[in-house]
Amino acid sequence: MRHALRRLGFFAITLWACLTLNFILPRLMPGSPILDMMAKYRGHVTPRALHAIEAAFGIETHTSLFVQYWQYLGNTATGNFGISLTQSEPVSQVITGAVWWTLGLIGVTTVLAFVLGTLIGILGAWRRGGWLDGILPPVFVIATSIPFFWIGMLLILLVGKIHPSFPTSGAYSYGATPGLSWPFITDVLQHALLPGLAILITSIGGWILTMRNTMVTVLAEDYIRMARAKGLPGWRIMLDYAARNAMLPNLSGFAMSLGFVLSGAIVVEYLFSYQGVGYYLLQAVVNQDYALVQALFLLITVAVLVAILAADLLTAVLDPRTRTGG
Amino acid sequence: MVALQITAEPAAGPGPTSSERAAGRVWRAVRSNKKALAGAVILLVFAIMAVIPGLIARDNPQAFSYGRSLGPSAQHWFGTTASGQDIYSQVIWGARETLIIALVSGLLSTVLSMIMGIGAAYLGGWWDHGLNLVTDILLVIPTFPLLIVIIAYYPHSSLIPLIGVLVITGYSYGARQLRAEALSLRGRDFLEAARVRGERRTYIIFAEIIPSMTSLIVAVFLGTAVYNVIAAATLQFIGFGDPNSLSWGTMLYWAENGEALQTGQYLWAIAPGLCIALLGAAFALLNYAFDEVGNPALQRVKVRRDRYAAPWRIRANRAS
């Protein structure tokens with residue numbers, strides 16, 4: 001119980017640190033990025049939107065930093081993130097429009113990579129020294145050090161050669177009407193195929209390696225020898241005895257990686273112009289749309305915090321050894 | 001994730017010899033392992049490219065003096081870019097900045113990890129709580145978005161802010177590992193002995209604790225170097241680097257903007273990416289080899305173990 005409370009306290013502090021970073025960074029940097037932004041957007045957006053920004057950053061009103069900080073915390077707590085200058089709509093609307101695309105593309109691919117990678121890792125460790133075990137680790141050591149965006153570029157190049165009309169950018173075709181119709185769904189799936197494949201190639205190696213290595217360690221345990229001595233069938237030893245125990249660290253890693261789905265979206269969505277969270281974050285950064293930058297950064301951090309909390313809980317539930325008394 | 005670490009058992013008397021032994025250990029690890037050797041060779045080749053690029057590629061990499069989008073030929077081995085620069089010499093010259101970013105940010109990150117990690121463990125008490133809290137927060141806040149947000153507010157594109165941001169956002173994982181290792185050393189006899197001998201704190205930290213953690217420190221360095229190579233290249237690719245600089249990430253940025261893939265200048269996009277991948281792989285191979293040498297469970301089944309058996313103490317540390 002005390003442990004849980006301490007963890008919660010830590011998350012509260014981290015959240016506060018993230019909020020404060022969000023508040024301090026634009027005010028701390030040399031050359032006053034806020035004034036740059038104001039100058040850039042004067043005449044391009046409605047006076048009301050500009051005024052909202054002025055109020056938020058305390059420019060014309062000359063409110064003290066402390067009051068600004070207090071107002072900022074209050075606004076964030078009530079879900080009032082301001083208005084996005086690039087999209088000319090409330091930040092919360094931009095985010096709700098973008099977040100599902102990211103979760104759909106990268107969330108699903110993360111789950112796939114975990115399941116496939118873990119299975120391959122189990123097989124690799126089980127047939128230790130076999131062809132799978134011989135080929136995979138070196139291949140994936142190299143694969144994990146390849147920059148993701150480069151794999152994406154090569155895929156675009158390859159597909160462009162083989163099948164020039166295959167979609168390589170966007171989440172769906174221009175002019176398609178979103179809805180639950182069959183043509184629209186296939187269109188979305190087609191658009192998701194290349195970015196999904198690129199993520200899969202670069203992320204599966206980590207799962208394979210960690211699963212294989214824990215599995216190798218677990219296979220040396222006495223209870224595995226015991227199971228062999230009892231004459232249990234090989235697949236039962238592999239899945240019920242070894243893999244089940246070796247999975248633990250991987251499972252909590254998986255829970256954490258789900259939290260990093262949003263933060264991992266940036267490069268994928270940039271490369272494939274996929275309109276999710278990462279795409280909007282980059283757009284906002286490039287166009288100095290700071291209200292959107294702040295809200296997206298907060299969202300990404302909160303996602304990670306929740307995932308780590310879930311991973312903690314999961315480990316505590318699944319592995320009695322990690323539970324401390326009291 | 002399971003990180004495996006090796007600590008030398010201080011069998012003989014501790015002191016200056018332990019650092020010599022540590023250096024010898026690193027050298028043995030490189031020589032005796034094929035993966036490590038491959039990594040070291042790749043690194044050496046890139047180092048040569050970075051030191052004497054002018055001797056390998058005679059063309060000025062930044063002169064716009066050739067035909068645009070030429071295919072590979074005897075004059076231009078890899079062809080030319082959309083604005084008429086020689087791609088081959090850009091690749092050769094690009095090694096320098098890429099390697100500088102990797103090594104400098106990797107080294108500085110490692111030093112910061114050591115200060116925050118070993119410092120926290122050694123000083124203990126409130127220092128430990130304070131330093132550890134900062135590290136933990138930075139560990140949890142997603143690094144790449146943080147990088148981008150900081151660069152967004154600080155758009156002066158030069159190397160120093162880029163390296164600075166990489167160091168601040170990238171040290172935390174190593175600091176955690178080093179702290180755990182230093183904590184496990186804290187009660188050891190050889191440190192007690194040094195304290196009883198009346199050695200100064202700085203002596204204990206630099207001559208006793210750090211040498212006995214060499215393998216882990218090297219692993220932390222290699223890990224951050226891989227990460228920084230890729231992170232820096234990605235930032236440059238997205239357009240947050242100096243667009244006039246000569247590095248593989250910047251080349252890819254121009255290749256994408258110059259539509260290298262559409263105009264058929266494949267080598268413009270392939271060569272720098274391959275170099276980044278190889279450099280990352282070199283660090284990763286070295287790192288992997290260290291793990292393998294340290295943990296007999298991961299070694300090939302037929303390897304002779306007696307060579308490492310006696311003087312090693314092996315400990316599996318689960319860093320979650």
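Helix axes are lines fitted to C-alpha atoms over the stretch in contact, and angles run from 0 to 180 degrees between N-to-C directions. On that basis, α5(B) and helix α8 (residues 172-185) of chain B pack at an angle of about 135°, their axes lying 8 Å apart. The model is predicted: local features need pLDDT of at least 70, side-chain atom pairs count only at pLDDT 80 or more, and totals for chains, interfaces and linings use all residues. Residues are numbered from 1 along each chain as its sequence is written, while chains are lettered from A and ligands numbered from 1 in the order in which they are written.

**Chain A overall**

- The secondary structure of chain A comes to 13 helices and 2 strands, where helices (H or I, at least four residues) and strands (E, at least two) are DSSP runs numbered from the N terminus.
- Of the 326 residues of chain A, 41% count as buried, that is, with 20 or more other C-beta atoms, placed from the backbone, within 10 Å of their own.
- Two residues are in contact if their C-beta atoms, placed from the backbone, lie within 7 Å; among contacts in chain A between residues at least 6 apart in sequence, 72% join residues at least 24 apart.

**Interface between chains A and B**

- Chain B places 39 residues in contact with 47 residues of chain A.
- The elements giving two or more residues to this side of chain B are α5 (125-140), α6 (143-153), α11 (214-238) and α14 (266-294), and α14(B) gives the most, with 10 residues.
- By class, this side of chain B has 33 nonpolar, 4 polar and 2 charged residues; Ala, Val, Leu, Ile, Met, Phe, Trp, Tyr, Cys and Pro count as nonpolar, Asp, Glu, Lys and Arg as charged, and the others, Gly among them, as polar.

**Helix pair α5(B) and α8(B)**

- N132(B), T135(B), L138(B) and L139(B) of α5(B) meet S172(B), Y173(B), A175(B), R176(B) and R179(B) of α8(B).
- The contact of α5(B) with α8(B) has 4 nonpolar, 3 polar and 2 charged residues.

**Helix pair α5(A) and α13(A)**

- Helix α5 (residues 91-126) and helix α13 (residues 290-318) of chain A pack at an angle of about 50°, with their axes 10 Å apart, and are therefore oblique to each other.
- V91(A), V94(A) and I95(A) of α5(A) meet A291(A), L292(A), A295(A), L296(A) and L299(A) of α13(A).
- The contact of α5(A) with α13(A) has 8 nonpolar, no polar and no charged residues.

Terms used:
Buried ≥ 20, exposed ≤ 12 C-beta atoms within 10 Å, placed from the backbone. Parallel < 35°, antiparallel > 145°, perpendicular 65-115°, else oblique.
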